[in-house]
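Dear colleague,

Please find below the structure I am handing over to you. The findings follow it, arranged by region.

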Amino acid sequence: MKKLLLTAFLGLGFLGFSQELKDKPEARETEKALLVKTDHAELDAKKKAAEEKAKLPKPYNPKADAEKDIQALIAKAKKEKKNIIIQAGGNWCIWCLRFNQFVQTTPELKNIVDKNYEYYHLNYSPDNKNEKIFAKYGNPGDKFGYPVFIILDQNGKMIHVQQSDVLEQDKGYSLEKTKEFFKQWAPKKS
């Protein structure tokens, strides 16, 4: 008897559900349309990002000897009494490329950087993960993503790690926040 009641209940439930779908074909079409629109919007966004990325300069060199380069920058920074900013990321990272372009094409920022820092782009990519260098600085990309900024004093001592998302604004970076970041970690002039 229980099996008969259960079978009847399930049969009626299925029939009611299928009737509900037959009564609302436009609901199914709307659901399909929303899925298609989302796919198109996502594809358009990816296409625009790829076009933007293709136009931006690629400052990261996967073949560079980062250890040797950073040691040379430390020697130069010591002579010039500057700090070192290491922008860690890769040419695959649109936010890394955007930040580089923002700094290089904004005279106010470029002036602050050129006056106070030696600037280095530390590559992280499948070609060269620079694992020894990143380990030396506590693997900040694992914690914060990319880009991530490592500030060294003129002696090569790490004095700060900065995640980049706090500097973002809309699809780029905030001039005021970025300027404040660079000024805060510039060497103290005596």
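**A buried glutamine in the sheet**

The side chains of Gln162 and His160 make a polar contact at 2.9 Å (a polar contact is a pair of N or O atoms within 3.5 Å; within protein, one must be able to donate a hydrogen and the other to accept it, and residues adjacent in sequence count only if both atoms are side-chain atoms). This is a predicted model, in which local features need pLDDT of at least 70 and side-chain atom pairs count only at pLDDT 80 or more, while totals for chains, interfaces and linings use all residues. Residues are numbered from 1 along each chain as its sequence is written, and side-chain values use heavy atoms, with hydrogens and water left out.

Gln162 belongs to strand 4 (helices, H or I with at least four residues, and strands, E with at least two, are DSSP runs numbered from the N terminus). Gln162 counts as buried, at 13% relative accessibility (buried means under 20% relative accessible area, exposed over 50%, partly exposed in between, with a 1.4 Å probe and protein chains only). Leaving aside residues up to four places away in sequence, Gln162 touches Val148, Phe149, Leu167 and Phe181 (contact means heavy atoms within 4.5 Å).

The open sheet has four strands in the order 2-1-3-4, with mixed pairing (two strands pair if DSSP finds at least two bridges between them). Strand 2 (117-123) and strand 4 (158-163) are at the edges with a single partner strand each, so one side of each has no neighbour in the sheet. From one strand to the next, the twist averages 20 degrees.

Strand 1 (residues 83-89) and strand 3 (residues 148-152) run antiparallel and are joined by five bridges; Ala88 stands opposite Val148 in strand 3. Strand 1 pairs with strand 2 in the parallel sense over seven bridges, and here Gly89 stands opposite Asn123.

In strand 2, seven of its seven residues are buried. Tyr117, Tyr119, His121 and Asn123 point one way, and Glu118, Tyr120 and Leu122 the other. In a regular strand the side chains alternate between the two faces of the sheet.

Asn130 lies in the loop between strand 2 and helix 6 (131-136). At 12% relative accessibility, Asn130 counts as buried. A polar atom of the Asn130 side chain lies 2.8 Å from the backbone oxygen of Asn123. Not counting residues up to four places away in sequence, Asn130 touches Ala66, Leu122 and Asn123.

**Helix packing**

Helix 5 lies across strand 1 and strand 2, at about 100 degrees to strand 2 (axes are lines fitted to C-alpha atoms, for helices over the stretch in contact, and angles run from 0 to 180 degrees between N-to-C directions).

The axes of helix 4 (residues 94-105) and helix 5 (residues 107-116) come within 5 Å and cross at roughly 90 degrees. These two helices are therefore roughly perpendicular to each other (angles under 35 degrees count as roughly parallel, over 145 as roughly antiparallel, 65 to 115 as roughly perpendicular and the rest as oblique). Phe102, Val103, Gln104 and Thr105 of helix 4 make the contact with Pro107, Leu109, Lys110 and Val113 of helix 5.

The axes of helix 5 and helix 8 (residues 175-184) come within 10 Å and cross at roughly 10 degrees; helix 5 and helix 8 are therefore roughly parallel.

Yours sincerely
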